[in-house]
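Visitor: Can you walk me through this one? I'd like to start with what one residue touches.

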Amino acid sequence: MVETPEQIEQVTVERAEAGERLDRVLAARVTALSRTRLKALVLAGRVAIGGRTISDPGHHVNAGDRITVAVPPPEPAEPQAEEIPLSIVHEDDDLIVIDKPKGLVVHPAAGNRTGTLVNALIAHCGASLSGIGGVKRPGIVHRLDKDTTGLLVVAKNDRAHRALAAQFADHGRTGPLQRGYLAFVWGVPERPRGTIDKPLGRHPQARERMAVRPNGRPAVTHYEVLERYAGTDGQPVASLIECRLETGRTHQIRVHLAAIGHPLLGDEVYGAGYRTKAARLTAESREALDGLGRQALHAALLGVEHPTSGTPLVFRSPLPGDLSRLRAALARGYRGGRVTSAHRGD
């Protein structure tokens, strides 16, 4: 099959347009595309000025700026089935629970139209899927970041989708929903357990990131320190924390832990400023951390009420191999042992 090449649109900013927003200039000059579509292309990093990628639609342009828009070829209107291996924890007529590996995107989006969990589920479930939203596809009621591993439940029909969505909307305040994560973080929180209650919204400059924002959406994370690890100097350098979500915002755990000064190990987006702390790790721990290639976060616990029978379902997932190796290396750490441990088991 011959692939359709991307289309390149070029615009030179006129003097009268100087100081205008990038998306407004594009909307006025690239009339073949809607302003919404152009804004999406900007956010996706497909617009450049003078060879420099601009991802802010509100960027103010200057006279003479040469704007290049790379328009990708059209994608199929609906996700296509793909034979991708899945680790299935539980499956029945209403739902399927997956233990998601790292690197697997949950839902097709710009830049990730294929190779996603949805593509795999369409192939796996086949005719058992009913027409959610008028299209045969699995009902995604919550998501995990591409490089976060662990448990994820998906609805297989409309009834299950509505019931599970209601549970996640309630966030377990009055219902049986449980979501527990294991997170390896830099440093050790002062309190062994606590609650992070900080609203989250889009970062004002980097739109692909989230940030604590005074006017953001409410976000609450409860945490408990399970293990504390020493560095080569004998002082605490990292810890294993269990997090329970009361809300489900994008990147919530990653942003909340970074906001209290304890970002996830391996998190290049929210914890890049803590790279120098790796010098306090043993060579074994540094090697295990370098081998991660992702944030050290795992969705270890998931509890839901079955949408048909009402039976409570609780699932647990052990740490995957890369995080198990990291934990073992950190635990051996200084003089062959962790600082302290209150771990109750995975």
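Guide: Contact here means heavy atoms within 4.5 Å. This is a predicted model, where local features need pLDDT of at least 70 and side-chain atom pairs count only at pLDDT 80 or more, while totals for chains, interfaces and linings use all residues. Residues are numbered from 1 along each chain as its sequence is written, and side-chain values use heavy atoms, with hydrogens and water left out.

Visitor: OK, what does Arg179 touch?

Guide: Leaving aside residues up to four places away in sequence, its contacts include Phe168, His171, Cys243, Arg244 and Leu301.

Visitor: Which strand does Arg179 lie in?

Guide: Strand S11. Strands (E, at least two residues) and helices (H or I, at least four) are DSSP runs, numbered from the N terminus. S11, residues 178–186, runs antiparallel to S16, with seven bridges joining them; strands pair if DSSP finds at least two bridges between them. Trp186 stands opposite Ala238 in S16.

Visitor: What's on S16 besides that?

Guide: S15 (residues 220–230) is joined to S16 by nine bridges, also antiparallel, and Tyr223 sits opposite Cys243. The two form a hairpin with five residues between them, and Gly234 in the turn has a positive phi of about 85°. S16 itself, residues 236–245, is mostly covered, with eight of its 10 residues buried.

Visitor: Switching topic: what order do the strands of the open sheet take?

Guide: S1-S4-S2-S3, four strands with antiparallel pairing. S1 (7–12) and S3 (52–53) are at the edges with a single partner strand each, so one side of each has no neighbour in the sheet.

Visitor: Which helix lies across S1, S2 and S4?

Guide: H1, residues 22–29, at about 75° to S4. H2 (residues 35–43) also packs on the sheet, touching S2 and S4, and makes about 95° with S4. Those angles run from 0 to 180 degrees between N-to-C directions, with axes fitted to C-alpha atoms, for helices over the stretch in contact.

Definitions and conventions:
Buried means under 20% relative accessible area, exposed over 50%, partly exposed in between (1.4 Å probe, protein chains only).
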